[in-house]
Amino acid sequence: MSQSPSRKLPPAPLEYLRRWPIQLSLVVVAIFLYAPLLTMMLFSFNDDRSITQWSGFSLKYYKQAFQNESLIIAFMNSLTIAFFSTLISLVVGAMAAIVLWRFRFGGKTLFDGTMAVPIVVPEICLGVGMLVFFAKVLPWPQGLPWPLNLGAIIIAHVSFSFPFVAVVVRARLGSFNRELEEAAKDLGASDFRALMDVVIPHIQPSLIAGALLAFTLSLDDFVITFFTAGPDTVTFPVKVYSMVRFSVTPEVNAASTILIVVTVLLTFLALKFQGSSALTAGHDGGAGEKK
Amino acid sequence: MTKPIIQFENVSKRFGKVSAVDNVSLTINEGEFFSLLGPSGCGKTTLLRMLAGFEMPTEGRVMIDGKDMSTTAPNLRPVNMVFQSYAVFPHMTVLDNVAYGLKMDGVPGDERRRRAEEALELVKLGGFGPRKPDQMSGGQRQRVALARALVKKPRVLLLDEPLSALDAKLRDQMRTELTTLQEKVGITFIMVTHDQDEALAMATRCAVMNRGLLQQVASPSDLYEFPNSRFVADFIGSVNMFEGTLDVDEPDHAIINTKDVGPIYLDHGVTGATGTTVWAAVRPEKIEMHKRTDKPPKVEDAPEGYNVIAGVVKHLVYLGSETIFEVEINGGSLVKVVRPNLTRWDQEDFTWDEKVWLSFHACSPAVLLS
């Protein structure tokens with residue numbers, strides 16, 4: 001680590017980052033991934049209506065975005081939907097994960113497989129499916145008071161987010177030492193107490209990670225929401241899409257930037273919780289956490 | 001004094017088609033330090049888990065304290081367990097870990113705390129209460145697991161391979177500590193282990209299991225000196241096994257005619273029909289080694305009551321306190337001999353390819369019928 005800066009060693013066999021072809025490919029990948037996003041974010045601060053000509057720094061489109069009432073309503077709708085769908089996905093997903101981990105039952109493989117379907121099926125198919133479902137099977141009544149009018153979208157969001165929660169929680173359960181649960185029961189805990197006292201604390205990081213994942217998935221979903229949303233239930237991504245159809249304004253840029261920041265922040269938090277759980281799984285000894 | 005506390009009555013446990021425990025009947029008395037011993041997969045852990053309530057017998061009954069508890073849930077049994085991984089709850093402090101069982105029993109907070117601290121004192125962890133398990137060593141975590149199980153004052157304490165995760169020095173220390181602890185608290189201990197040394201050193205009585213079957217239940221010395229089968233003789237310690245036919249069987253002596261070493265003379269009768277195949281098992285430390293010259297041996301030279309075999313030293317393992325010799329005998333097979341190094345020069349007494357006499361007393365071989 002602390003070698004003298006004057007002496008430069010040739011790259012070691014596994015020090016790929018010090019070889020120029022790898023460095024180049026990293027730069028190219030970074031440009032492809034982030035250049036469009038950065039351009040969009042940059043022009044949200046543009047003084048001019050143009051989104052191609054830079055004329056000066058300004059926050060006026062952020063102000064405009066915050067004054068656009070229908071945009072604010074859409075944003076609030078999105079947050080509400082995300083909140084409820086996260087809550088339901090968390091409970092359903094965690095329960096599914098625990099059932100699949102804990103018990104042996106007939107059709108377990110089938111259940112396991114079908115749970116992954118919403119993850120792999122193209123969103124558009126899921127969207128069309130939801131459209132037909134809410135038109136024919138479960139027509140969601142129109143004109144309900146807020147937030148009941150968002151029910152159909154919430155149900156749709158739960159159906160594609162809970163498998164993600166289940167996958168994350170199940171991965172964490174894989175590192176659970178079953179003897180802990182047995183020890184709790186041996187000491188007098190009922191099945192339920194053992195679950196609450198020992199299993200839940202162990203999977204807590206994955207519950208947080210799963211919840212944040214479900215939240216971001218719901219917040220920026222467009223396709224499925226577009227097919228299930230009624231005329232009076234516009235969400236943020238759908239609203240942005242309708243604004244872009246007329247013209248791309250810095251206001252859209254500003255709104256999108258806010259969404260990106262929120263999403264990135266939540267994803268970062270999710271990864272952090274998952275990461276810390278992966279680090280501590282099966283780890284014994286070492287520096288313990290301080291109280 | 002010998003009041004039965006655990007009774008297995010014709011207990012069998014099958015997982016699908018695999019029979020883990022096969023028709024085991026066993027009584028364990030109050031106050032015993034009982035050990036279930038056997039190779040991995042022999043069913044000893046399954047037997048222990050049936051006591052704890054994590055497995056239910058397919059057939060037969062498990063009685064604890066005179067009550068049939070075959071299907072009682074683990075949280076309703078008067079037994080507690082120390083798990084192989086210790087299973088100390090990582091998100092609780094040491095004190096909370098120990099107090100957990102009392103909390104489940106509804107013991108009020110003050111008493112809970114007092115008793116948990118007492119239990120920690122008992123396992124020499126006084127003052128460690130506020131620590132988290134990941135700030136403790138493996139040995140300390142095991143003590144937490146012990147305190148946590150003992151604090152509930154169970155009728156029986158179950159220990160699943162308690163010493164297997166400790167390093168050698170600590171293991172020796174914990175052996176003594178566990179036996180002292182057992183005498184102190186007076187609770188029946190039942191320990192599962194695959195380590196014969198551990199079982200011999202700690203238990204008052206052992207059950208040797210193999211493939212789900214109970215092979216022998218006896219005190220450690222009886223297991224070692226009077227094994228009832230080739231499996232037990234071979235599993236406990238090391239042994240030289242000579243196969244032969246029972247030629248003479250009188251009340252005061254018997255002769256086994258073996259392929260490898262010729263006739264083996266025994267100074268006691270054997271309960272077997274003459275002409276049947278039997279095995280004579282001789283422990284390596286019960287064989288003495290003497291120098292041999294080229295002169296052919298005379299029968300009257302052999303000390304009375306001893307069997308004498310001619311051989312040549314083939315391998316030699318110096319272990320400091322003792323030396324292990326492998327001696328080739330006429331039949332071509334190798335006989336293991338352990339010789340304590342009584343003086344500092346003893347190790348030089350015998351060397352490779354040296355001709356030796358092996359002798360063992362007529363009472364030394366254990367005669368095995370199966």
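This is a predicted model: local features need pLDDT of at least 70, side-chain atom pairs count only at pLDDT 80 or more; totals for chains, interfaces and linings use all residues.

Colleague: How are helix 6 of chain A and helix 8 of chain A oriented to each other, roughly parallel or roughly antiparallel?

Modeller: Helix 6 (residues 151-173) and helix 8 (residues 191-219) of chain A pack at an angle of about 155°, with their axes 9 Å apart. Angles over 145 degrees count as roughly antiparallel. The two helices of chain A are therefore roughly antiparallel.

Colleague: Which residue class has 13 members in the contact of helix 6 of chain A with helix 8 of chain A?

Modeller: From helix 6 of chain A, the residues that meet helix 8 of chain A include Phe164(A), Val165(A) and Val168(A), and those on helix 8 include Ile203(A), Leu207(A) and Leu213(A). By class, this contact has one charged residue, five polar ones and 13 that are nonpolar.

Colleague: What is the handedness of the crossing of helix 4 of chain A and helix 6 of chain A?

Modeller: The axes of helix 4 (residues 108-120) and helix 6 of chain A come within 8 Å and cross at roughly 115°. For comparison, helix 6 of chain A passes helix 8 of chain A in a right-handed crossing. The crossing of helix 4 and helix 6 of chain A is left-handed.

Colleague: Which helix of chain A gives the most to the side that touches chain B?

Modeller: In that interface, 18 residues of chain A are in contact with 20 residues of chain B. Helix 7 (178-186) and helix 8 of chain A each supply at least two residues of chain A's side. With six residues, the one that gives the most is helix 7 of chain A.

Methods
Residues are numbered from 1 along each chain as its sequence is written. Chains are lettered from A and ligands numbered from 1 in the order in which they are written. Axes are lines fitted to C-alpha atoms, for helices over the stretch in contact, and angles run from 0 to 180 degrees between N-to-C directions. Helices (H or I, at least four residues) and strands (E, at least two) are DSSP runs, numbered from the N terminus. Angles under 35 degrees count as roughly parallel, over 145 as roughly antiparallel, 65 to 115 as roughly perpendicular and the rest as oblique. A crossing is left-handed if the near helix is turned anticlockwise from the far one by less than a right angle, and right-handed if clockwise. Two residues are in contact if their C-beta atoms, placed from the backbone, lie within 7 Å. Ala, Val, Leu, Ile, Met, Phe, Trp, Tyr, Cys and Pro count as nonpolar, Asp, Glu, Lys and Arg as charged, and the others, Gly among them, as polar.
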